[in-house]
Amino acid sequence: MIAYVKGILEEVSPDYIVVEADGVGYEILVGNYLISRLPDIHEEVKIITYMDVKEDSMRLFGFLSTQEKTLFKQLLSVSGVGPKGALSILNELGPDGLVSALIAGDSKAISKANGVGSKTAQKVVLELRDKVSLEGSIFDLGSSENGKAMVIDGAVNEAVEALNALGYSNSEALKIVRSIEGAESMKTEEIIKAALRRL
């Protein structure tokens, strides 16, 4: 199996990139959310990969972190979600947005992904919600800006509920609260004020 490809970024297209490593050009399928974070053409890049092997094909899917790959593999564990569907979900929400949607149980947000119906989205939430820890998750995507895991309880939870009452969805509220540096040590009112300034 190919765990990662480290080399020169030679080509970027809407669906894939080509990375040359030791004289071999690897075509790697990637999401739009990843393309915007790539270096310039002809610069070095390291792409974490997942190899999808079938009887008639072998495809590499690429990610910029092991956490994103883990999230992709978790999506694949849901029956009815294949590699293209998993990539479509990541494209629609991005890794952070997907984790927020899972924690919030927001299947509607997931169902907006191309090719993902409401039933499949509900299955994704049902099967993965408990696998995403409220303390930053195994994907390390719920961390606050300083890299420490944010505990979603106490004042943070109250702030999310208050934002819900103001009409914001769970995933919107979680995402904005998570972006506030030091929120886990702030009072509920302070978190709400900081969140409203960002919304």
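Modeller: Happy to. Let's start with F72: at 0% relative accessibility, F72 counts as buried. Keep in mind that this is a predicted model.

Biologist: What makes F72 "buried"?

Modeller: Buried means under 20% relative accessible area. F72 has 0%, so F72 counts as buried.

Biologist: Why is the pair of F61 and F72 called tilted?

Modeller: The angle decides. Planes under 30 degrees apart count as stacked, over 60 as edge-to-face, and the rest as tilted. F61 and F72 have 35° between their planes, with 5.4 Å centre to centre, so the pair is tilted. F61 lies in strand β5 and F72 in helix α2, so this pair ties together parts that are eleven residues apart in sequence. F61 is buried, and so is F72.

Biologist: How many aromatic pairs are there in the structure?

Modeller: The structure holds three. One of them joins Y50 and F72, with 5.4 Å centre to centre and 65° between the planes. Because Y50 lies in strand β4 and F72 in helix α2, the pair ties together parts that are 22 residues apart in sequence. Y50, F61, F63 and F72 form one aromatic cluster.

Biologist: Which residues touch the most other members of the largest nonpolar core?

Modeller: F72 again, along with L75, I89, L98, I110 and V124. That core has 58 residues. Its largest share, eleven residues, comes from α3. In soluble globular proteins, nonpolar side chains tend to be buried together.

Biologist: What does V124 touch, leaving out residues up to four places away in sequence?

Modeller: V124 touches L75, V78, V81, I89, L102, I110 and R129.

Biologist: What makes R37 and E68 a salt bridge?

Modeller: A side-chain nitrogen of Lys or Arg has to be within 4 Å of a carboxyl oxygen of Asp or Glu. The R37 and E68 side chains meet at 2.6 Å, N to O, so the pair qualifies. The two residues sit in distant parts of the chain, 31 residues apart: R37 in the loop between α1 and β4, E68 in helix α2.

Biologist: Are R37 and E68 buried, exposed or partly exposed, and how do you know?

Modeller: Buried is under 20%, exposed is over 50%, and partly exposed is in between. R37 has 42% relative accessibility, so R37 counts as partly exposed. E68 has 4%, and is therefore buried.

Biologist: How many salt bridges does this rule give?

Modeller: The count comes to two. D52 also forms a salt bridge with R59, the closest N and O atoms being 2.8 Å apart. Since the limit is 4 Å, that pair passes too. D52 is buried because its relative accessible area is 8%, while R59, at 21%, counts as partly exposed.

Biologist: How do you know that β4 and β5 are paired strands?

Modeller: Two strands pair if there are at least two bridges between them. Seven bridges join β4 to β5, so the pair passes, and the strands run antiparallel. In this pairing, V53 has M58 in β5 as its bridge partner. With two residues between them, β4 and β5 form a hairpin.

Biologist: And what pairs β1 with β4?

Modeller: Five bridges, in the antiparallel sense. I8 has E44 in β4 as its bridge partner, and V5 stands opposite I47 in β4.

Biologist: In what order do the strands of the closed barrel run?

Modeller: The five strands run β1-β2-β3-β5-β4, with mixed pairing. The twist averages 55° from one strand to the next. Helix α3 packs on the sheet, touching β4 and β5, and its direction makes about 20° with that of β5. Helix α2 lies across β4 and β5, at about 20° to β4.

Biologist: Last one: why are D22 and H42 called exposed?

Modeller: Exposed means over 50%. D22 is at 85%, so D22 counts as exposed, and H42 is exposed because its relative accessible area is 55%. D22 is found in the loop between β2 and β3, with a positive phi near 55° although D22 is not glycine. H42 lies in the loop between α1 and β4, and its phi, near 75°, is also positive in a residue other than glycine.

Key:
Residues are numbered from 1 along each chain as its sequence is written. This is a predicted model: local features need pLDDT of at least 70, side-chain atom pairs count only at pLDDT 80 or more; totals for chains, interfaces and linings use all residues. Side-chain values use heavy atoms; hydrogens and water are left out. Helices (H or I, at least four residues) and strands (E, at least two) are DSSP runs, numbered from the N terminus. Buried means under 20% relative accessible area, exposed over 50%, partly exposed in between (1.4 Å probe, protein chains only). Axes are lines fitted to C-alpha atoms, for helices over the stretch in contact, and angles run from 0 to 180 degrees between N-to-C directions. Contact means heavy atoms within 4.5 Å. A nonpolar core is a set of buried Ala, Val, Leu, Ile, Met, Phe, Trp, Tyr and Cys residues joined through side-chain atoms within 4.5 Å. Rings of Phe, Tyr and Trp (its six-membered ring) pair if their centres lie within 6.5 Å; planes under 30 degrees apart count as stacked, over 60 as edge-to-face and the rest as tilted.
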